Amino acid sequence: MREILEKILENKKNSADYIEIRAEKKEVTTIHFQGKKLEKINCSQQTGGNVRVLVKGGWGFVSFNQLDDLEEKVREAIEVASLIGKEESKLAVISPVVEIVKRELDKDFRQISLREKKNLMENYNNIIMKSNPLIQSSNVIYTDRFSTIYFANSEGSYTEQEKPFLSTRFTAIAREGDNVQLASESIGTTKGFKIMERISTKAQKAAFRAVNLLKAQPVEGGEYTVILDQTLGGVFIHEAFGHLSEADFLYEDERMSGLMKLGKKFGSPRLNVVDDGSIPDLLGSAKYDDEGVRTRKNYLIKDGILAGRLHSRETAVKMGEEPTGNARALNYRFKPIVRMTNTYIENGDTPFKDLLSGIKKGIYAKDCYGGMTTFEMFTFSAGEGFMIRDGEIAEQVKDVVLTGNLFTTLLNIEGVGNDLKMIESGGGCGKAGQSPLPVSFGSPHLRIKKVVVGGR
């Protein structure tokens with residue numbers, strides 16, 4: 001592959017300011033149970049690629065499903081870019097890299113038969129369906145994917161990266177009369193198949209949570225001191241803050257650029273927010289991003305002060321900053337755009353019990369059922385909620401919906417726990433039609449004052 005790509009780039013590099021070629025080979029398995037029925041079982045092999053070309057500031061992009069006649073695809077992309085470009089081309093300068101990145105798996109899922117995978121997921125589905133008479137239905141979705149990404153550009157970079165991915169999501173639906181509740185548990189991994197063989201407790205937990213929600217009373221709406229668990233804290237910092245740190249969004253929006261000005265106070269000195277694509281084996285990790293830039297640890301908030309943002313090579317030079325290794329594409333059908341990798345709040349020093357202390361009437365919000373962000377405004381639905389009374393966790397409540405302004409909420413964080421947990425779920429991140437892109441997120445427990453909670 002390297003010889004083919006480098007020969008084409010050598011022949012065409014004088015016809016454009018910059019050229020890159022990405023090729024991808026992948027094997028995918030999907031299994032889906034709904035209720036007692038096997039809805040879908042599928043194995044496939046896919047091959048494809050794309051060419052991205054920069055000419056006088058204009059980008060040309062061509063994707064394809066066959067790797068033959070690559071030189072013609074490059075010519076087409078150059079022609080498109082030449083029609084668009086009218087200015088000077090600008091990309092942040094990086095050193096060329098040449099590396100092949102292999103992955104070791106604890107148990108190679110490509111060697112596990114489709115029948116064995118199907119039987120395992122059917123067993124987990126039966127655990128949900130037979131756990132309680134109040135369980136009405138279920139959804140069990142398993143996916144595995146092994147991709148090899150080949151990248152070469154006209155500056156002399158060439159990389160091959162193996163990217164394994166597995167995920168399972170269990171959803172249990174419980175019903176009692178007109179009262180219907182659901183709960184989900186999921187897991188994602190890049191390490192191999194072993195963990196998929198020992199997640200029966202997650203199936204049990206999904207069913208247990210769904211049944212328990214039938215008994216919960218709706219929360220009384222109002223303003224509360226709220227403690228977020230590691231999952232909801234991680235989702236909050238990813239969705240409400242992380243996307244605002246993606247520079248392709250920022251430099252195009254004058255108002256948000258003013259609000260997200262480096263050096264601005266965003267919280268107490270105990271608040272530190274990081275995006276790091278270089279952490280080994282997490283869902284959002286890779287040695288190089290999809291522009292061949294080495295991933296790294298990037299502080300977004302440092303000691304409560306806005307310290308950085310996430311970049312591609314193009315946004316970095318436009319904003320006079322360094323590339324951060326955050327140009328990512330869902331697959332070969334898409335061009336790379338600025339995306340998060342593994343985004344989290346660093347550990348503080350407060351034990352969970354001390355976070356609860358002094359709260360006369362508050363809410364402990366766990367997990368995340370769904371949410372929405374519009375610029376700096378956010379709304380999140382907790383998967384589970386419990387009242388806090390006199391510093392102790394009390395009765396379960398449901399319909400816990402948190403809403404507010406991001407900047408005010410960050411300033412209202414008055415406690416950061418010492419129990420950071422990275423969440424590797426079976427879902428992913430969506431942006432510009434590219435979804436679900438694998439990411440990890442995380443947080444210690446957070447104590448936040450003056451949170452508006454919608455409810456009854």
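Colleague: Which side chain meets that of Glu197 in a salt bridge?

Modeller: A salt bridge is a side-chain nitrogen of Lys or Arg within 4 Å of a carboxyl oxygen of Asp or Glu. For Glu197 the N to O distance is 2.7 Å. The pair links distant parts of the chain, 90 residues apart, with Glu197 in the loop between β7 and α4 (200–215) and its partner in the loop between β4 and α3 (114–129). The partner of Glu197 is Lys107.

Colleague: On what kind of model do these values rest?

Modeller: Residues are numbered from 1 along each chain as its sequence is written, and side-chain values use heavy atoms, with hydrogens and water left out. Local features need pLDDT of at least 70, side-chain atom pairs count only at pLDDT 80 or more, and totals for chains, interfaces and linings use all residues, for this is a predicted model.

Colleague: Is Lys107 buried, partly exposed or exposed?

Modeller: Buried means under 20% relative accessible area, exposed means over 50%, and partly exposed lies in between (1.4 Å probe, protein chains only). Lys107 has a relative accessible area of 29%. Lys107 is therefore partly exposed.

Colleague: What separates Arg75 and Glu79 along helix α2?

Modeller: Helices (H or I, at least four residues) and strands (E, at least two) are DSSP runs, numbered from the N terminus. The side chains of Arg75 and Glu79 meet in a salt bridge at 3.1 Å, N to O. Because they are four residues apart in helix α2 (residues 70–84), the separation of Arg75 and Glu79 is about one helical turn.

Colleague: How many bridges pair strand β5 with β6?

Modeller: Two strands pair if DSSP finds at least two bridges between them. Strand β5 (residues 135–153) and β6 run in the antiparallel sense, and Thr148 has Glu162 in β6 as its bridge partner. The two strands form a hairpin with four residues between them. The number of bridges between β5 and β6 is 17.

Colleague: Which residue in the turn between β6 and β7 has a positive phi?

Modeller: Strand β7 (residues 179–189) runs antiparallel to β6, joined by 11 bridges. The two strands form a hairpin with two residues between them, and the positive phi in the turn is about 65 degrees. The residue is Gly177.

Colleague: How many residues of strand β6 are buried?

Modeller: Strand β6 covers residues 158–176 and is mostly covered. Four bridges also join β6 to the parallel strand β4 (residues 98–101). Of the 19 residues in β6, the number buried is 15.
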